[in-house]
Amino acid sequence: MREKVARPDEVRRWPGDFPVAHRYTPGLAGDAFLTALRDRGAILGSRCERCAYTYVPTRLFCERCFAELDAGVELGPEGTLVSFTIGFVGLEGEPLDRPVTLGLVRLDGADAVLLHHVLDPGDEPLEIGERVAVVLRAPEERTGSILDILGFAVAEAESD
Amino acid sequence: MEPRVAVVGIGHAGFAPITAGLSYKELMFEAAQRAYADAQVDPRADVDSFVCCSEDYLEGTSIFDEYVPDQLGAVQRPVQTVAADGLFGVATALMLIRSGAARVVAVEAHSKVSDVLTLGAIEQFAMDPVFNRPLGVPALAVAGLDMNAFLERTGLTEEHCAMVAAKNRTNALDNPRAAYPADVRPEDVEDSAPVYWPLRELEVAGRADGCVVVVLAAEERAGDLTEAPVWLLGAGWSSGSPTLESRTWGEADFVARAAERAYAMAGIEDPGEEIDLAEVDDVYAFKELQHLEALGLGTAGGLAEMLAEGELEADGDLPVNVSGGSLGQGNLFEANGLARLLECAEQLRGEAGERQVDEAYVALVQSWRGVPTTSAAVVVLGNEEGT
Ligand SMILES: [Zn+2]
């Protein structure tokens, strides 16, 4: 029988890390989405007529039927909250100073959902099914990134 | 289907929050030694092919395939690595044997997660780099979103999930290899801190180190190697729609597809009636319920009732995660599937000690690769009485 270590802190360890750096190509479809977001504040999707399904962000192909798609549908800016979660911990489990809220939103005109922060949900508890709207960064601050969207805010109740 | 394939040996090592002092190679060696002794095989002479299941980033080594042969007795032999849960390795072994490429195959999966200092970063690195990762949230957020969508769709509640966490952690008290046994009540779970609400701390499986090695053989060899073969009756696996934006939220459709294939191969028509016990993924407590639904073992309403009636307990009609599951045994990452298979093999051999389930003939094993994936495998096992 091999001897078991009683004091894990006394075990010999060799440190190692690995600097990982990439640059990712969003591709034709991703580029169309990010350019429209930066230049026009528009959220683009791709519609597959055969599947009657609208993707967001844009896609070059349909994952359901393998058809080639184009980036032609403008979605939102309002939508419906499909799910949300409130985060109390960071990447390695450390407690956060302020909780973060994330939401999955089905923008009007889309079948797929968009994942982003829910901004200042306030004291009213959020509810699935609630109407929300996209909040964009100011035009001069946009860089062509998913972060050109600041997040979703609960939509103002419509007045009759 | 011919030839029939059996589990003829199984061994494990670790199953502890930290396996201090043992390298991952030594952990694998220990489990392999036990599996080969159990099957009474010499890996250098009797095992025709070896399958390892691992993921480079978790290992901290590029091309980890090159780091597995020696500790398994597989140097200068056919070895392949499957970058997936161990059950995908079992499915690969089944194909190797059925195709005639091998008669005896060893499958290995392990976790040496105590060596990983930045697990959250590795999991986050699995998210889409352009559209998801910039949000700067852990992959755990995906579990919180899925749980909330699941509860909304099914009407199951946080209380039901807490009951699962309490059941599995308590079951682990009877499992000597469990890393996280605890006498907890559902109230304790509901009182634990939210991590990604509605998901709470006690509903997340703690990390553990461990290794499982399984030896499988064609029927013609199985008879020589064991007196208690555990037959591999069916196997299936499937991807879902992995993209966060277009996946099916709140539902494990990929598990349903994997199960459909495994049931078809095993000739199972009514899983609720034909399966005697199940070890399913419960890395997050709600996942056990979501997976049971996808496996056709209960509807949302039915599961609420089964929990209330204690039917999922070790002495219930459908014992689920008698081992303690991942909540009780620890999250062993790519080794989770084989840890569940280990429990079912012991149950079907009648070697499960204090947690032995009565009349265990057919067992179901299911695995999921964890957030943010939609990847699952299902295996159906049976002993001589179960075939
Ligand atoms: Zn299509």
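Arg177(B) is buried (under 20% relative accessible area, with exposed meaning over 50% and partly exposed in between, for a 1.4 Å probe and protein chains only), its relative accessible area being 9%. This is a predicted model, in which local features need pLDDT of at least 70 and side-chain atom pairs count only at pLDDT 80 or more, while totals for chains, interfaces and linings use all residues. Residues are numbered from 1 along each chain as its sequence is written, chains are lettered from A and ligands numbered from 1 in the order in which they are written, and side-chain values use heavy atoms, with hydrogens and water left out.

**Salt bridges within chain B**

- Arg177(B) and Glu346(B) meet through their side chains in a salt bridge of 3.2 Å, N to O, the term standing for a side-chain nitrogen of Lys or Arg within 4 Å of a carboxyl oxygen of Asp or Glu.
- This pair links distant parts of the chain, 169 residues apart, since Arg177(B) is in the loop between helix 6 and helix 7 (186-191) of chain B and Glu346(B) is in helix 14 (residues 336-349) of chain B; helices (H or I, at least four residues) and strands (E, at least two) are DSSP runs, numbered from the N terminus.
- Glu346(B) also counts as buried, at 16% relative accessibility.
- Glu288(B) forms a salt bridge with Lys167(B), with 2.8 Å between the closest N and O atoms; Glu288(B) lies in helix 11 (residues 285-294) of chain B and Lys167(B) in helix 6 (residues 158-171) of chain B, so the pair ties together parts that are 121 residues apart in sequence.
- Both Glu288(B) and Lys167(B) are buried.
- Glu187(B) and Arg185(B) form a salt bridge at 3.5 Å, N to O, and here Glu187(B) is partly exposed at 40% relative accessibility, as is Arg185(B) at 46%.
- Salt bridges with shared partners join Arg177(B), Glu343(B), Glu346(B) and Arg355(B) into one network.

**Interface of chain A and chain B**

- In this interface 43 residues of chain A are in contact (heavy atoms within 4.5 Å) with 42 residues of chain B.
- The two chains bury about 3,600 Å² between them, 65% of it on carbon and sulfur atoms, where buried area is the accessible area (1.4 Å probe) that two parts lose on being put together, summed over both.
- The rule finds 1 salt bridge across the interface of chain A and chain B, namely Asp115(B) with Arg13(A), whose closest N and O atoms are 3.2 Å apart.
- Strand 4 of chain A gives the largest share of the side of chain A that touches chain B, 7 residues.
- Strand 4 of chain A runs antiparallel to strand 5 (residues 194-197) of chain B, the two being joined by 2 bridges, and strands pair if DSSP finds at least two bridges between them.
- Gly87(A) stands opposite Tyr196(B) in strand 5 of chain B.

**Strand 1 of chain B**

- Strand 1 (residues 5-16) of chain B is mostly covered, with 9 of its 12 residues buried.
- Strand 1 of chain B pairs in the antiparallel sense with strand 7 (residues 209-218) of chain B over 10 bridges, and Asp209(B) in strand 7 of chain B is the bridge partner of Ala16(B).
- Strand 1 of chain B is also joined by 2 bridges to strand 8 (residues 230-239) of chain B, and these run antiparallel, with Trp231(B) in strand 8 of chain B as the bridge partner of Ala6(B).
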